[in-house]
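Please examine the sequence and the three-dimensional structure shown below.

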Amino acid sequence: MSALPPKQIRAMEDAAAAIPTNRAPDAFAAQWKRLHDQAAELSQMAGMAQEAALEMITNFPDDLALAGPDQRALVWQGIEDIDAMMQPGLTALRIVASRGQNASAPAMALWREFHRSRTALLTLTKTGVDRAA
């Protein structure tokens, strides 16, 4: 038995079904790069060293191409969710920094959220690749 009413469950299923599964790999790669460009700016604001380019991160678009359509749809939604978190967060941090205030603590908090979300997407994609093999 679900704790959610049937109407809400149907709405969630409809929303999941509406996520396109046929996004071009280039669109994934471009968005992934843009997120990491933002993450580089974020790490600088947090006073962290530049993140090394790890193979699992740079190979993400290629791994995603091997994943099934369900994994691709979930990953794309995750990428959009990360972007929705990063855009206003970075804007706020830029404003804080432009006022001469220290933005390192909130930048570190946003970096941690980015890192956790990215790890979840990488895990999901790796799981999808493993299942497809």
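**From the pocket to the core**

Sorted by class, the residues that line the largest pocket comprise 8 nonpolar, 4 polar and 3 charged residues. The structure is a predicted model, and its largest pocket has a volume of about 250 Å³. In total, 15 residues form the lining, and those nearest the centre of the pocket are His36, Glu51, Ala53, Ile57 and Thr58. Which helix gives the most to this lining? It is α2, with 7 residues. Both α2 and α3 (55–58) supply at least two residues each to the lining of the largest pocket.

The largest nonpolar core contains 25 residues, and the members with the most contacts inside it are Trp32, Leu42, Phe60, Ile79, Met86, Leu93 and Phe114. At least two residues of this core come from each of the helices α2, α4 (60–66), α5 and α6. Helix α5 provides the largest share of the core, namely 7 residues.

When its neighbours within four places in sequence are left aside, Ile79 is in contact with Phe28, Gln31, Trp32, Leu35, Phe60 and Leu121. Two of these partners, Trp32 and Phe60, are also listed with Ile79 among the core residues with the most contacts.

The aromatic rings form a further topic. How many aromatic pairs does a search of the whole structure find? The search finds 3 aromatic pairs. In one of them, the ring centres of Phe28 and Trp76 lie 4.8 Å apart and the ring planes meet at 85°. Planes over 60 degrees apart count as edge-to-face, and the pair formed by Phe28 and Trp76 is therefore edge-to-face. Are Phe28 and Trp76 buried or exposed? Both residues are buried.

Another aromatic pair consists of Trp111 and Phe114, with a distance of 5.4 Å from centre to centre and an angle of 40° between the planes, and it is classed as tilted. Trp111 and Phe114 are separated by about one helical turn, because they are 3 residues apart in helix α6 (residues 104–132). Trp111 and Phe114 are both buried.

Methods:
Residues numbered from 1 in each chain as written. Predicted model: local features only at pLDDT ≥ 70, side-chain atom pairs only at ≥ 80, totals over all residues. Heavy atoms only, no water. Phe/Tyr/Trp six-rings, centres within 6.5 Å; stacked < 30°, edge-to-face > 60°. Buried < 20%, exposed > 50% of the residue type's maximum accessible area, 1.4 Å probe, protein only. Helix = DSSP H or I, 4+ residues; strand = E, 2+ residues; numbered from the N terminus. 1 Å grid on protein atoms, 1.4 Å probe; cavity = no way out; pocket = protein on both sides within 12 Å on 5 of 7 lines; lining within 4 Å. Points joined across faces, edges and corners; volume = space filled by probe spheres on them. Nonpolar A, V, L, I, M, F, W, Y, C, P; charged D, E, K, R; others polar. Core = buried A, V, L, I, M, F, W, Y, C linked by side-chain atoms within 4.5 Å. Contact = heavy atoms within 4.5 Å.
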